[in-house]
Amino acid sequence: MNTSGLALPSLQKEMSQRKIDAYSVVRPKSIHTDPDWARQKEFRAPLAQAMMSTAYVSELMTRFLGAGFVRGGTLSMIFIKPVYAGDRLTVRGVVKDKRREDGATRVSVDVWCENQHGEKTAIGTATGLEPSEHPE
């Protein structure tokens, strides 16, 4: 079955300050956890850690491929726009291609995150092995 172009079910994530604090470890003079310091550094609000976007893309891929992503997956991301406390991220993926690899099928997916304005904040490529070939 040709699944190139298949859109994965998207994920939505609210980027609350509490989540950013939990991810970043609260400390003074941090652009992630100190709103006054973030404004002094000319950001409109504290910034989410970039790795939070990566974690959400990993969740998208794990929901899609299960153990095939956990055991044999790859992920490459570029962060192109800040994500702020209070933003809502939508995590998306579209299957790019499939290829045979060592007796399994590797699925390549274009992945990205976009904010509530539809602006991409991170882009990348993720791969993993089809789950039917790697039962849990």
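Helices (H or I, at least four residues) and strands (E, at least two) are taken here as DSSP runs, numbered from the N terminus. On that basis the protein has 4 helices and 5 strands, and from the N terminus on these elements follow the order β-α-α-α-α-β-β-β-β. The model is a predicted one, in which local features need pLDDT of at least 70 and side-chain atom pairs count only at pLDDT 80 or more, while totals for chains, interfaces and linings use all residues. Residues are numbered from 1 along each chain as its sequence is written, and side-chain values use heavy atoms, with hydrogens and water left out.

We can begin with the protein as a whole. Along the principal axes, its C-alpha atoms fill a box of roughly 55 × 30 × 20 Å. Of the 136 residues, 43% are buried, where buried means under 20% relative accessible area, exposed means over 50%, and partly exposed lies in between (1.4 Å probe, protein chains only). The protein exposes about 7,600 Å², and carbon and sulfur atoms supply 52% of this area; accessible areas come from the Shrake-Rupley method with a 1.4 Å probe, and for residues only the protein chains shown count as cover. Contact is defined as heavy atoms within 4.5 Å. Among contacts between residues at least 6 apart in sequence, 63% join residues at least 24 apart.

Charge comes next. The protein carries 19 positive and 16 negative side chains, and the centres of the two sets lie 2 Å apart. In this count Lys and Arg are positive and Asp and Glu negative, with His and the chain ends not counted; the place of a charge is NZ of Lys, CZ of Arg, CG of Asp or CD of Glu.

Helix α3 deserves a look of its own. Its 16 residues reach 23 Å from the first C-alpha to the last, close to the 22 Å expected at 1.5 Å a residue, the expected span being 1.5 Å times one less than the number of residues. Buried positions in α3 are Met52, Ser53, Thr54, Tyr56, Val57, Leu60, Met61 and Leu65. An α-helix has 3.6 residues a turn, so residues three or four places apart point the same way. After α3 comes Gly66, with a positive phi near 60°.

Strand β3 contains Val91, which is buried at a relative accessible area of 0%. Not counting residues up to four places away in sequence, Val91 touches Ser10, Leu11, Tyr56, Val57, Leu60, Trp112 and Cys113. Val91 and Lys13 lie 78 residues apart in sequence, yet their C-alpha atoms are 7.9 Å apart in space.

Thr121, in strand β5, is also buried, with a relative accessible area of 1%. Beyond its neighbours within four places in sequence, Thr121 is in contact with Ile78, Phe79, Ile80, Lys81, Pro82, Val83, Leu89, Cys113, Glu114 and Asn115. The C-alpha atoms of Thr121 and Ser53 are separated by 8.7 Å, although the two residues are 68 residues apart along the chain.

Glu130 sits in the segment after β5 and counts as buried because its relative accessible area is 17%. Leaving out residues up to four places away in sequence, Glu130 touches Leu65, Lys98, Thr105 and Val107. Arg106 is 24 residues from Glu130 in sequence and 6.4 Å from it in space, C-alpha to C-alpha.

Val25, in the loop between α1 (17-24) and α2 (35-40), has a positive phi of about 70° although it is not a glycine; Val25 is exposed, with a relative accessible area of 58%. Asp102, in the loop between β3 and β4, has a positive phi of about 50° and is likewise not a glycine. Asp102 counts as exposed because its relative accessibility is 81%.
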